[in-house]
Amino acid sequence: MSTVVQPGRTPGTATTPNSAAASGTRLAVRRFLRNRLAVVGLGVVVFFVLFCFAGPLVYSTDQTHTLLHQVNLAPSGAHWLGTDAVGHDELGRLMYGGKVSLIVGLAAGVLATVIGTLWGAAAGYAGGWIDAVMMRVVDAGIAIPALFILLVVSAITTPGLGGLVVILGFVSWLVPSRLVRAETLTLKNRDYILTLRAIGGTHARAITRHILPNSVSTIVVAATFQIADAILLVAYVSYLGLGVQPPATDWGGMLSAGLTAAYSGYWWLILPPGLAIILVVWAFNAIGDGLRDAFDVRGRG
């Protein structure tokens, strides 16, 4: 009996699910790397992570005590980005504030994605009236601006870092839930899901072992956009003075403090945090666009 060997394969080899997944991952990585804006965005994120977390180890400054003898100094060799209204070194402040912004943004974005993923998967898999009720909750939540909710909560209480992460996560999960629900609706009628249900497999197993792993591309893309939105939201709240409290700060708080000195010509208090917010938010959005294109099966050739 003769053996038919498919082109590009050696005799005795077979395609396994693991090898197919690895091949798909390699293809997605190649497509992502061909997207120049996405690669630049990834480089920007890596730069700011190193700048904010490793930078203070190299450029050590006092960000706790008030130093009145060096208030509002212009950029110089001693203070590369000058000092602020209480004498803090602005470059060190940018690192310190960036660490807070990135930690809150990453944690809140991940939390929002997890909540939205579980909610959307459960709604889409259940279907019927359960899906209708759960998605009406989502529609009602989307109708209320997240910034309005943040302002109300921040006016009632003064959240710390953990509280800010929880609040941001619970106002940002709505969009990921809709995306994951749509993905679940297309997956739950696949043959392997129907077979699992026919042999008595539980709904939880169908969701956790099949639907969510096959929705990972949608989940990852949603997470990148949620991180960008969370960083922007915490900047909004801190700009209005309702974010983390002194001596802690973030880029939004730095921008708010710098605007009070705008008419005095202290540009170094405004431009660095403003540019940092713009660059990081753009970078995460560019990464999200690149991941979406990389995982888009219709665009593969």
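# A surface patch, a buried threonine and a covered helix

Visitor: Which residues form the nonpolar patch on the surface?
Guide: In this predicted model, the patch is made of Trp 267, Leu 271, Leu 275, Ile 278 and Leu 279. Together they have about 510 Å² of accessible area.

Visitor: Where is Leu 275 found?
Guide: Leu 275 is part of helix 13, which covers residues 271–295.

Visitor: Changing topic: Thr 184. Buried or exposed?
Guide: Thr 184 is at 0% relative accessibility, so it counts as buried. The cut-off for buried is under 20%.

Visitor: Which helix does Thr 184 lie in?
Guide: Helix 8, residues 174–187.

Visitor: What lies 2.8 Å from a polar atom of its side chain, I mean that of Thr 184?
Guide: The backbone oxygen of Val 180.

Visitor: What does Thr 184 touch, leaving out residues up to four places away in sequence?
Guide: Thr 184 touches Gly 120, Ala 121, Gly 124, Tyr 125 and Ile 211.

Visitor: On to helix 11. How many of its residues are buried?
Guide: 17 of the 24 residues in helix 11 are buried, so the helix is mostly covered.

Visitor: What span should helix 11 have?
Guide: Helix 11 runs over residues 216–239 and should span 34 Å, at 1.5 Å a residue. The C-alpha atoms at its ends are 34 Å apart, which agrees.

Visitor: What comes just after helix 11?
Guide: Gly 241, which takes a positive phi of about 80°.

Note on methods:
Residues are numbered from 1 along each chain as its sequence is written. This is a predicted model: local features need pLDDT of at least 70, side-chain atom pairs count only at pLDDT 80 or more; totals for chains, interfaces and linings use all residues. Side-chain values use heavy atoms; hydrogens and water are left out. Helices (H or I, at least four residues) and strands (E, at least two) are DSSP runs, numbered from the N terminus. Buried means under 20% relative accessible area, exposed over 50%, partly exposed in between (1.4 Å probe, protein chains only). A polar contact is a pair of N or O atoms within 3.5 Å; within protein, one must be able to donate a hydrogen and the other to accept it, and residues adjacent in sequence count only if both atoms are side-chain atoms. Contact means heavy atoms within 4.5 Å. Patches are made of residues with over 30% relative accessible area and no salt bridge: like charges are joined within 9 Å, nonpolar side chains (Val, Leu, Ile, Met, Phe, Trp, Tyr) within 5 Å. Accessible areas come from the Shrake-Rupley method with a 1.4 Å probe; for residues, only the protein chains shown count as cover. A salt bridge is a side-chain nitrogen of Lys or Arg within 4 Å of a carboxyl oxygen of Asp or Glu. The expected span of a helix is 1.5 Å times one less than its number of residues.
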